Amino acid sequence: MAEYTEEEIRELARKLLEEVDHTKVDQHTFRGEQFDRGLAFIQFPEGLGGLGLSSRKMQTVVDTELRSAGVPYHDLAINPIGIGMGGPVVLTYASEEQKKRLLRPMFTGEEIWCQMFSEPGSGSDVAGLATRAIRDGDEWVVNGQKVWTTLAHVARWGMLVARTDPDQPKHKGLTYFLLDMQSEGVDVRPLYQITGDAEFNEIFLSDVRIPHENVFGDVGGGWAAAVTTLMNERVALGGGVPKQGTGPIADLMHIWEERKGSLDDVSASVMRDRISELWIQAEALRLTNWRAREASKSGNPGPEGSVGKLMSAEMNQKIYELCMDIIGPEALTFEAGYERNRGDGSSWARSSLKYSFLRSRANTIEGGTSEVMRNILGERVLGLPGDVRVDKDINWVDVPRN
Ligand SMILES: Cc1cc2nc3c(=O)[nH]c(=O)nc-3n(C[C@H](O)[C@H](O)[C@H](O)COP(=O)(O)OP(=O)(O)OC[C@H]3O[C@@H](n4cnc5c(N)ncnc54)[C@H](O)[C@@H]3O)c2cc1C
């Protein structure tokens, strides 16, 4: 396995910056160059956006260099589901030809990805899903409904889990498909959130045909690929290592500086205590994630990725709740110009604190709820007794449902 020193990686990033002026080329060109030089997914093989390193920790060196030079592109704003979850899934399950076809436009943002797991009757219990896929020669025919599908309205590819054998217990009869969202029979409809944005959608699938070569993993083995996706999702959502004092905690510090003069002494002291506590928590999380990244090996993360997801989701909510407390009654109003958007993902980084407060309510639900994260950590990391699962060994078709 190739290894580079930190200095060598920094040199490669600087060379990219010297030779490709990000102020003169567009996002796709800059990120395409980054991919071709192996600085996109540093732990992926050469030719597939990486340098074949044994861990992804050196990616932080690249990202820091690019950020310091003012390169504005951030993976989570470009193609959060593709880069955060689709990349590792493609690397693990796709054919060589598919890897070559899919990874580059995923990284540049030319092809957006979405994740089609949740259904009206299956969210936390995603293994209980009902969307059905039936084989027809070299194709599969899919019928069903998905919900909460982030960015489906701009996505080219969907990571779809469907039931291919209802006569097996729920985890065993699932298959994982790569769905071309431009296929006939895919109907994407917006769902609006309390922020006014429709980040996500419901999707109706009517006789949608998927070629057999787009099955990732084994037929009936979809649960393993789904778990790979979910573990990577948790790291993507909660495993970031931002610069000290940036991100949501910076929003809190900023509004505190702006408003502290208007608070009486008692309120100011209470707020100061609450801010200090959150600042310490934010820093502890940042350092924990940093340590996790340093220790990470190439390959997919395990259940410990749920630590960052759980902590960051709950902390974000506390931070923005405190911002609203500092603002006071003004927090009850929303900015003029409130409008219903159907964004492409790049516009979510809003400057408005009230928007961030409303958006943070979703943090403890998306990517798995905090209760589910606690179950995973309890069972799979701490080894505590498992949750009650009465339907685990019953064939899916025989499980009573309404
Ligand atoms: C902003 C946003 C974006 C999303 N994007 C996507 C997406 O792109 N693709 C996708 O597939 N899904 C997406 N989701 C869906 C998300 O994964 C689900 O909402 C989530 O997994 C919870 O499922 P549910 O909504 O069906 O709630 P339920 O599973 O019905 O849960 C309801 C309540 O019961 C609790 N609960 C459930 N089971 C247990 C248990 N075993 N132990 C203790 N408590 C339990 C939950 O914690 C929750 O409080 C998104 C959700 C949000 C909010």
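This is a predicted model: local features need pLDDT of at least 70, side-chain atom pairs count only at pLDDT 80 or more; totals for chains, interfaces and linings use all residues.
## A first look at helix H1 and its protein

Residues are numbered from 1 along each chain as its sequence is written.

**Helix H1**

- The buried residues here are Ile 9, Leu 12, Ala 13 and Leu 16 of H1, where buried means 20 or more other C-beta atoms within 10 Å.
- Seen down the helix axis, these buried residues fall within an arc of 95° (taken from the directions from the axis to the C-beta atoms), so they line one face of H1.
- An α-helix has 3.6 residues a turn, so residues three or four places apart point the same way.
- Helix H2 (27–36) and helix H3 (59–68) are included in what covers the buried residues of H1.

**The whole protein**

- The secondary structure comes to 12 helices and eight strands, which are DSSP runs numbered from the N terminus (helices: H or I, at least four residues; strands: E, at least two).
- Of the 402 residues of the protein, 40% count as buried.
- Along its principal axes, the C-alpha trace spans about 70 × 55 × 45 Å.
- Among contacts (C-beta atoms, placed from the backbone, within 7 Å) between residues at least 6 apart in sequence, 74% join residues at least 24 apart.

How values were computed. A residue is buried if 20 or more other C-beta atoms lie within 10 Å of its own, exposed if 12 or fewer, and partly exposed in between; C-beta atoms are placed from the backbone. Two residues are in contact if their C-beta atoms, placed from the backbone, lie within 7 Å.
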